[in-house]
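Take a moment with the sequence and the fold before reading on. The paragraphs below walk from a sheet to the charged pairs around it.

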Amino acid sequence: MKTNVAFFYGCRSVEHEVSIISAVQAMMAINKEKYDITPVYVTKDGEMYTGEKLFFIEEYRDLPKLLENCKKVFFVRENGKVLMKQECEKGFFKKEIPPVEIDVAFPVVHGTNCEDGTIQGYLEFLGLPYVGCDILSSAVGMDKAVFKDVLMKAGLPVLDCIRFTSREYLSDKEGIQAKITEKIGYPLIVKPVNLGSSVGISKVNSAEELDEALTLAISFADKILVERAVTKIREINCSVLGDVNECFASVCEEPFMSDEILSYENKYLSNAKGGQSKGMASLGRKIPADLSEERSNEIRELSCKIFKAIGASGVVRIDYIIDGETDTVYANEINTIPGSLAFYLWDATDMKYPELCERLIELAFRRQRNRDNLTFTIDTNILSGVKLGGAKGTKGAKF
Ligand SMILES: Nc1ncnc2c1ncn2[C@@H]1O[C@H](COP(=O)(O)OP(=O)(O)O)[C@@H](O)[C@H]1O
Ligand SMILES: [Mg+2]
């Protein structure tokens, strides 16, 4: 019998559309002889839909029409299984639609409200094995400030930063600006800690531009970080596949910028013919990156250390900044569900996309098996002698 894989994608995120591209690519690539595929498209409102038309990227151009041709679904746990059920059709002669048993979830979501541990929490709660990082590593990977903390503790190289909340900034703008000017200096970079695709990020060249950049950043997120801008910059990315017991790094890539900051447009819309973006796979890049063997090995080894330091699983992409002034490599960020699942890096490392998907699913089952061996319940008779004073005890309680 084939394994039924449910792809979850879309979601309430600024990277909703990119997630659709990544997921449709993965659903096209995966080996259909071995797996049955169930697309689960999550709308920006958090409603879940399935249907045959979801396999075709062109269909997403007219979303209301697409959803009319799909079925709204929900998931339940019954008798140790996870079932996808369709909402019953309205009317007297409503059709009973048989539930579909799901074996494993494959989240292909990007950004906050999903990639950050949210969807992983939902899947854990259902008790459904799933591909990729667990709740904690997803959350650490999404928060650029916490990611820095974890790496620093592990002795891994990151740029130092100042961080504060939007409330702190609004209540002491001058104080915070003065601290930034003194401790970081110009040029600097302002970033919301938990967004992707360069949303809300600005380069600031002087104190006069600082307030505008911070005001923009706090319109996107509650927590902000500021770090020095590397002016003689080279950006290198490397993917890692595996789990904390055993992981491998891909070849490195060098994405090219046409602007000061690698923007959303650079990332996803360049090379898009007739408006058809190929996701991260369409970005201008050099694979393998033009690096000495020594530097490339240094980055690949560093990537595995970072992967283990945050307790990652599945496939991730770690992005680096090389400061040309000092020839130092800094880890900039980790994408725990990278655009296009970084398949193009694995392709260049001699692993085709269908095999990458298969390995990811195997890792999901392996983690589940390890969990199944853990003890999650203990038998106690703690409730047998408990008295809470009967109904009287609850009198006046504020529930
Ligand atoms: N410290 C820095 N110095 C110079 N450029 C930077 C720095 N940090 C980020 N950038 C630029 O901004 C881009 C986006 O920043 P990044 O931290 O990768 O956020 P995102 O999650 O949005 O991709 C980077 O790809 C790089 O071009
Ligand atoms: Mg980035």
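How many bridges join strand β15 to β16, and do they run parallel or antiparallel? Strand β15 (residues 314-323) is joined to β16 by 7 bridges, and the two run antiparallel. Across this pairing, D319 stands opposite E333 in β16. This is a predicted model: local features need pLDDT of at least 70, side-chain atom pairs count only at pLDDT 80 or more, and totals for chains, interfaces and linings use all residues. Residues are numbered from 1 along each chain as its sequence is written, chains are lettered from A and ligands numbered from 1 in the order in which they are written, and side-chain values use heavy atoms, with hydrogens and water left out.

Now the whole sheet. It is open and has 5 strands, in the order β14-β13-β12-β15-β16, with antiparallel pairing. Two strands count as paired if DSSP finds at least two bridges between them. Strands (E, at least two residues) and helices (H or I, at least four) are DSSP runs, numbered from the N terminus. At the edges lie β14 (285-286) and β16 (328-335), each pairing on one side only. Helix α12 (residues 353-372) packs on the sheet and touches β12 (233-242), β13 (247-255) and β15. Contact here means heavy atoms within 4.5 Å. The direction of α12 makes about 60° with that of β12. Axes are lines fitted to C-alpha atoms, for helices over the stretch in contact, and angles run from 0 to 180 degrees between N-to-C directions.

Next, the charges. The whole structure holds 21 salt bridges. Each is a side-chain nitrogen of Lys or Arg within 4 Å of a carboxyl oxygen of Asp or Glu. One of them ties R371 to E124, with the closest N and O atoms 2.6 Å apart. This pair links distant parts of the chain: R371 sits in helix α12 and E124 in helix α3 (residues 118-126), 247 residues apart. R371 is partly exposed at 22% relative accessible area, and E124 is partly exposed at 29%. Buried means under 20%, exposed over 50%, and partly exposed in between (1.4 Å probe, protein chains only).

Helix α12 also holds a local pair. E355 and R359 both lie in it, 4 residues apart, about one turn of the helix. Their side chains meet in a salt bridge (3.3 Å, N to O).

Return to β15. Its D323 forms a salt bridge with R228 of strand β11 (residues 223-228). The N to O distance is 3.0 Å, and the partners are 95 residues apart. R228 is partly exposed at 31%, whereas D323 is buried at 3%.
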